[in-house]
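My notes are below the structure.

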Amino acid sequence: MANSSKIYYKQKRLKQLRAFCRAAQTGSISEAAELLFLSQPTVSLQIQALEREMNLTVFERRGPKIKLTPEGQVLYQLAQPLVEGIDKLEETFAAHTGKLESGELNIAAGESTILYILPGPIQRFRQEYPGIKIKLHNVTGRDGMAMLRADEADFAVGSMIDIPPDISYRPSLFYRPTLITPLDHPLGQLERPDLADIAPYGLILPPRHLATWRIVEMGFAKHDLSFNVALEAGGWEIIKKYVELGMGISIVTGVCLTGEERLIQRPLDEYFPTRGYGIVVRKGKYLSPQAQRFIDMMDPEFLRTG
């Protein structure tokens with residue numbers, strides 16, 4: 001009877017922790033219940049039982065939304081990898097026995113990363129593991145971080161300037177800042193245009209809430225110069241097209257340049273930093289075998305240094 005009670009206790013605790021982790025990820029008891037295919041009262045009771053048995057409060061409750069307490073944050077960091085590890089035990093076992101044939105991989109990335117960086121790695125991964133379903137989430141950096149923290153993505157791929165303490169990031173691919181102009185533009189006659197040469201002309205830039213605007217702004221400010229924005233446009237392909245049409249010039253990251261554009265390109269390494277791209281993972285995240293294999297293909301050294 002003692003063994004039976006112990007097994008029952010462990011099963012009950014796993015259910016409690018699973019309910020707690022889903023509620024922490026979504027910030028909502030009702031959304032956690034939907035994910036777990038349980039009723040909202042059942043999930044609430046499981047979390048209350050966990051709090052009572054561990055003598056702690058895991059959530060601050062503010063209406064329909066909930067927020068982790070400091071104790072809850074610690075418990076979540078400990079429990080989430082355990083719960084996810086148990087839930088994906090079958091897949092992990094298959095991977096360790098050389099049978100990684102199914103499952104799902106969720107990758108968050110911005111449009112430029114999806115267009116210019118990920119096609120090669122995804123193509124290689126698909127060839128090696130055709131049974132694994134890949135979901136690419138085209139998101140901004142802010143939304144990608146939210147997906148990582150909610151465990152809606154296994155990892156992200158992109159470029160980061162400020163790295164939060166709960167995130168591991170290591171750039172492994174680097175691209176030069178580059179001025180692009182139409183073929184007949186006066187700046188095209190200069191081999192090494194400086195920022196004073198560029199300042200009078202209208203720039204086509206991504207929206208100001210994105211990192212590129214901030215980098216350009218900092219570069220000009222460092223040299224006590226202002227710049228003119230002729231047009232804001234989302235997406236490097238759109239920007240390149242409008243520059244080709246003569247609507248302005250732009251400062252882009254070399255990641256978007258394929259060599260097939262009808263543009264003049266000039267390096268701007270002296271004025272703007274090289275842009276790095278790499279894997280982004282939430283610290284403490286349990287990585288599924290699928291995610292681990294993909295990361296190994298993109299950057300084998302990431303988890304040893306990240």
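Entry 1: I'm working from a predicted model. I started with helix α7 (residues 119–128) and helix α12 (residues 289–298), whose axes come within 10 Å and cross at roughly 130°. Angles over 145 would count as roughly antiparallel and 65 to 115 as roughly perpendicular, so I put α7 and α12 down as oblique to each other. I also noted that their crossing is right-handed.

**Entry 2: who makes the contact.** Which residues of α7 and α12 make the contact? From α7 I listed Pro121, Ile122, Arg124, Phe125 and Glu128, and from α12 Gln290, Arg293, Phe294, Met297 and Met298. By type, the residues of this contact come out as six nonpolar, three charged and one polar.

**Entry 3: the largest nonpolar core.** I looked up the largest nonpolar core next, and it has 32 residues. Leu105, Leu118, Phe155, Ile279 and Phe294 touch the most other members. Two or more residues each come from β3 (104–109), α7, β5 (155–158), α11 (236–244), β12 (275–282) and α12. The most come from α12, which gives four residues.

Entry 4: What does Phe155 touch, leaving out residues up to four places away in sequence? I found Leu105, Asn106, Ile107, Ala108, Leu148, Ile279, Val280, Val281, Ala291, Phe294 and Ile295.

Methods:
Residues numbered from 1 in each chain as written. Predicted model: local features only at pLDDT ≥ 70, side-chain atom pairs only at ≥ 80, totals over all residues. Heavy atoms only, no water. Axes fitted to C-alpha atoms, helices over the stretch in contact; angles between N-to-C directions. Parallel < 35°, antiparallel > 145°, perpendicular 65-115°, else oblique. Left-handed = near helix turned anticlockwise from the far one by under 90°. Contact = heavy atoms within 4.5 Å. Nonpolar A, V, L, I, M, F, W, Y, C, P; charged D, E, K, R; others polar. Core = buried A, V, L, I, M, F, W, Y, C linked by side-chain atoms within 4.5 Å. Buried < 20%, exposed > 50% of the residue type's maximum accessible area, 1.4 Å probe, protein only.
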